[in-house]
Amino acid sequence: IPNFDVPYSTLYYSPQGDLVGATLAADQHLRFPPDRTVHPRFHKALLTYLDQEFHTHAGVKPMLLGQALLQPSARAADACTLTQHVVRLARNREPTTIKAHLVESLIALKLEHSTSKKDILRLYASHAPFGPNVTGVEAASWHYFDHPSDTLSWAEAATLAVLPYAHYGA
């Protein structure tokens, strides 16, 4: 499993267990601790938008890899599976070269063999950027909609599914 060595926000809860506040993490990001689960609405919206074959591919799609090799000017994110996005997020960088893209593809294949699809999805949802200093779907749900991700409407889930890709190619 990729190591995300990042600081997390401190969360404050009411005696009833409701979130009442959060601090920024040491790096000035609103980043909640990793999610235990990914709500089905966000899961479906994300995979519909980003990687419809997520549950059937092995971490890399050969056609996308070929696209990256044949069109090096294309954005790397356009030729990535969700698993490859997790690898890139963990490495905290854009694959700007063909070699970097190939290395990250190999790591994605290894990740697929050592980690469940559920955990890969959870890693993405917990570490994807949703704004200049908002990281993870739970932090984004609170930041933009003022409620937890398990109560997202379909429209809110779809909005959050496209934000990382629209802004950062994540």
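Q: Is the crossing of H3 and H4 left-handed or right-handed?
A: This is a predicted model, so keep that in mind throughout. Helix H3 covers residues 82-91 and helix H4 covers residues 98-114, and their axes sit 8 Å apart. The crossing of the two comes out as right-handed.

Q: How are H3 and H4 oriented relative to each other?
A: The two helices pack at an angle of about 110 degrees. Angles of 65 to 115 degrees fall in one class, so H3 and H4 are roughly perpendicular.

Q: How many charged residues does the contact of H3 with H4 have?
A: On the H3 side, the residues include Arg88 and Arg91, and they meet H4 residues including Glu104 and Glu112. By class, the contact has 7 nonpolar residues, 4 polar and, for charged ones, 4.

Q: At what angle do H1 and H5 pack?
A: H1 spans residues 40-50 and H5 spans residues 117-127, with axes 12 Å apart. Their packing angle is about 90 degrees.

Q: What volume does the largest cavity have?
A: The count is 1 cavity of 30 Å³ or more. Its lining includes Phe32, Asp35, Ser126 and Glu138, and by class has 4 nonpolar, 3 polar and 2 charged residues. The volume of this largest cavity is about 30 Å³.

Terms used: Residues are numbered from 1 along each chain as its sequence is written. This is a predicted model: local features need pLDDT of at least 70, side-chain atom pairs count only at pLDDT 80 or more; totals for chains, interfaces and linings use all residues. Side-chain values use heavy atoms; hydrogens and water are left out. On a 1 Å grid over the protein atoms alone, a cavity is a set of points where a 1.4 Å probe fits but cannot get out, and a pocket is an open set with protein on both sides within 12 Å along at least five of seven lines; lining residues have an atom within 4 Å of a point. Grid points are joined across faces, edges and corners, and a volume is the space filled by probe spheres set on the points. Ala, Val, Leu, Ile, Met, Phe, Trp, Tyr, Cys and Pro count as nonpolar, Asp, Glu, Lys and Arg as charged, and the others, Gly among them, as polar. Axes are lines fitted to C-alpha atoms, for helices over the stretch in contact, and angles run from 0 to 180 degrees between N-to-C directions. Helices (H or I, at least four residues) and strands (E, at least two) are DSSP runs, numbered from the N terminus. Angles under 35 degrees count as roughly parallel, over 145 as roughly antiparallel, 65 to 115 as roughly perpendicular and the rest as oblique. A crossing is left-handed if the near helix is turned anticlockwise from the far one by less than a right angle, and right-handed if clockwise. Contact means heavy atoms within 4.5 Å.
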